[in-house]
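Here are my notes for you, written as numbered points. Keep the model open next to them as you read.

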Amino acid sequence: MVMNKTFEFTPATSAAHVLIVGGGASGVLLAAQLLRQVPETLVTIVERRAEIGPGLAYSTPEPWHLLNTRAGNMSAWPDQPEHFSDWLRENAPDAAARCFVSRNHYARYLAELVAPSRLSGHLRCVFGECRRVEEGAQGVRAELSDGRMIRADIAVLATGHPAVGNELDGMSNPWAQKPLTGTERILIVGSGQTMTDQLLSLGAAGHMGKIIILSRRSQLPRVHTDNRPLQIFLDEVPRGAGAAEAMRWLRRRVHGHMQQGGDWRDVVDGLRPHVQRIWAAMPLSARGAFLRHACRWWEVHRHRMPPEGEAALDKLNAEGRITRMRGAFLSTTREGDGSIKALVSQDGAVTELQVDRVLDCRGIRRDPARHGAPVLADLLQRGRARIDPLGLGPEVTAHCALINVDGTPSTRIFAIGPVTRAAFWEITAIPDIREQAVRLASHLVAWRLKAHKPMASGVA
Ligand SMILES: Cc1cc2nc3c(=O)[nH]c(=O)nc-3n(C[C@H](O)[C@H](O)[C@H](O)COP(=O)(O)OP(=O)(O)OC[C@H]3O[C@@H](n4cnc5c(N)ncnc54)[C@H](O)[C@@H]3O)c2cc1C
């Protein structure tokens with residue numbers, strides 16, 4: 001509902017004003033980069049949660065929900081790799097010696113990263129839902145759902161992954177429910193990192209019931225070890241090749257490395273810095289084939305779980321409480337006695353499961369037009385953005401500018417982080433997003449210096 005309209009004006013300043021929609025990790029990393037490169041920049045973050053920093057990934061308060069990336073790779077600054085580890089030593093000394101630390105430490109780290117800029121007034125945080133961003137010749141105007149307006153020179157969408165919603169009767173958003181403590185029968189749909197988080201929460205709460213883990217391919221994330229990335233040069237990698245050829249190359253490389261006593265993880269990690277370039281050079285048909293046939297394989301090897309996740313799984317297996325099931329989730333119906341009937345498709349046949357709770361751990365949604373932030377839905381509806389042919393997300397240029405329905409790049413609306421997955425693919429984890437933040441901040445600074453004067457205060 002639109003309330004009494006209040007207007008927020010950009011203060012009179014000669015510096016550029018960048019508005020970032022979304023105050024999760026991507027929004028914070030970009031704000032920090034912009035203010036590092038040009039300290040007099042004015043940045044406004046609009047965030048619908050109560051805090052800046054946690055976003056979806058780091059909002060869990062549960063200490064057993066761990067980062068799945070080593071602390072040593074989670075620095076906000078690519079040129080200061082020890083920055084997060086140093087912060088841990090100072091602020092969470094008990095955790096500093098561990099490889100995989102609680103995600104809530106990372107939320108605090110991000111909040112503290114930009115705290116001085118908030119104090120100095122160069123970073124302003126506005127709490128509310130941004131529902132529309134409009135672009136004009138003089139700047140951008142953002143409209144919040146409570147009627148507030150914000151004008152700026154540039155807007156950047158940092159709205160994160162398409163959200164998990166409770167769409168079906170009986171499906172629970174795992175992040176929005178109390179852990180179960182009894183012997184309830186649980187169906188977990190999805191077998192990625194969110195699933196292992198839920199096993200850890202159930203274990204901590206004392207749950208003793210049976211758990212079915214359902215996924216299409218019954219693949220679990222592999223486990224981290226203390227491996228070292230192999231040095232792979234870009235010109236060794238088949239670029240512009242089909243998905244099958246690229247995967248054959250990878251398997252050959254893994255096989256060769258393992259024959260010499262190496263670990264397959266070294267090859268996967270060594271390839272990672274090149275994945276965005278490989279993706280950019282892949283023909284559309286090859287990207288489609290990769291998504292259909294090899295994506296899940298790549299993800300379970302690339303997005304690995306910390307050893308603590310594997311230990312939770314092993315314990316449940318040893319107790320005989322886990323059943324892994326391969327199949328496609330179809331639907332849920334709540335029964336009269338409060339239990340839930342879930343339908344699963346397996347090799348063309350439909351199987352019926354009777355459980356007490358279904359946890360939706362399917363993670364990232366594949367339909368950004370339907371599950372993306374409303375502000376994106378609005379841009380799509382007005383033709384200011386378009387979804388890529390594979391349905392991964394809005395199309396952006398190499399400089400992260402949103403591309404409109406006619407194929408024209410926006411001059412003032414950009415995107416960062418997982419929102420830009422269609423163009424960059426490997427853009428979900430901090431080591432990739434922080435690099436993107438450096439590039440985007442440099443581009444915006446250059447843009448500002450080249451051609452555009454800051455806008456005057458007032459309503460756009
Ligand atoms: C459970 C989980 C664990 C992860 N663990 C790791 C890890 O250990 N290491 C790693 O490198 N990566 C991890 N990731 C990957 C993660 O995607 C990135 O690290 C990063 O957190 C993405 O941040 P983001 O800001 O783009 O998205 P999000 O965290 O989703 O944040 C987006 C923010 O935008 C806000 N927002 C959206 N729309 C609007 C709007 N219209 N108006 C106002 N606010 C809006 C949301 O409220 C949210 O706070 C994890 C991801 C998940 C889901």
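1. The angles run from 0 to 180 degrees between N-to-C directions, and axes are lines fitted to C-alpha atoms, for helices over the stretch in contact. Helices (H or I, at least four residues) and strands (E, at least two) are DSSP runs, numbered from the N terminus.

2. Some ground rules. This is a predicted model, where local features need pLDDT of at least 70, side-chain atom pairs count only at pLDDT 80 or more, and totals for chains, interfaces and linings use all residues. Residues are numbered from 1 along each chain as its sequence is written.

3. Now find H5 (residues 193-205) and H10 (residues 307-318): their axes are 9 Å apart and the helices pack at about 60°, so H5 and H10 are oblique to each other. Their crossing is left-handed, a label used if the near helix is turned anticlockwise from the far one by less than a right angle (right-handed if clockwise). On the H5 side you'll see Thr196, Leu199, Leu200 and Gly203, which meet Gly309, Ala312, Leu313 and Leu316 of H10. That contact of H5 with H10 has five nonpolar, three polar and no charged residues. Here Ala, Val, Leu, Ile, Met, Phe, Trp, Tyr, Cys and Pro count as nonpolar, Asp, Glu, Lys and Arg as charged, and the others, Gly among them, as polar. Residues are in contact if their C-beta atoms, placed from the backbone, lie within 7 Å.

4. Next, H6 (residues 243-259) packs with H7 (residues 264-271) at about 135°, with the axes 8 Å apart, so this pair is oblique too. The crossing of H6 and H7 is right-handed. H6 brings Leu250, Arg253, Val254, His257 and Met258 to the contact, and H7 brings Trp264, Asp266, Val267 and Leu271.

5. What angle do H6 and H9 pack at? For H6 and H9 (residues 284-302) it is about 55°, with axes 8 Å apart, which makes H6 oblique to H9. Ala243, Ala244 and Met247 of H6 meet Ala286, Ala289, Phe290, His293 and Ala294 of H9; the classes are seven nonpolar, one polar and no charged.

6. Around the ligand there are 33 residues, the closest being Gly22, Gly24, Gly55, Gly160 and Gly417. A residue is near a molecule if its C-beta atom, placed from the backbone, lies within 6 Å of it. H1 gives the largest share of this shell, three residues. By class the shell has 14 nonpolar, 15 polar and four charged residues.

7. Finally, confidence: pLDDT is the predictor's confidence in each residue, from 0 to 100. The chain's mean is 88, and 88% of its residues reach 70 or more. Strand E1 (residues 7-8) is lowest at a mean of 48, while strand E17 (residues 401-403) is highest at 98.

Terms used
Parallel < 35°, antiparallel > 145°, perpendicular 65-115°, else oblique. Contact = placed C-beta atoms within 7 Å.
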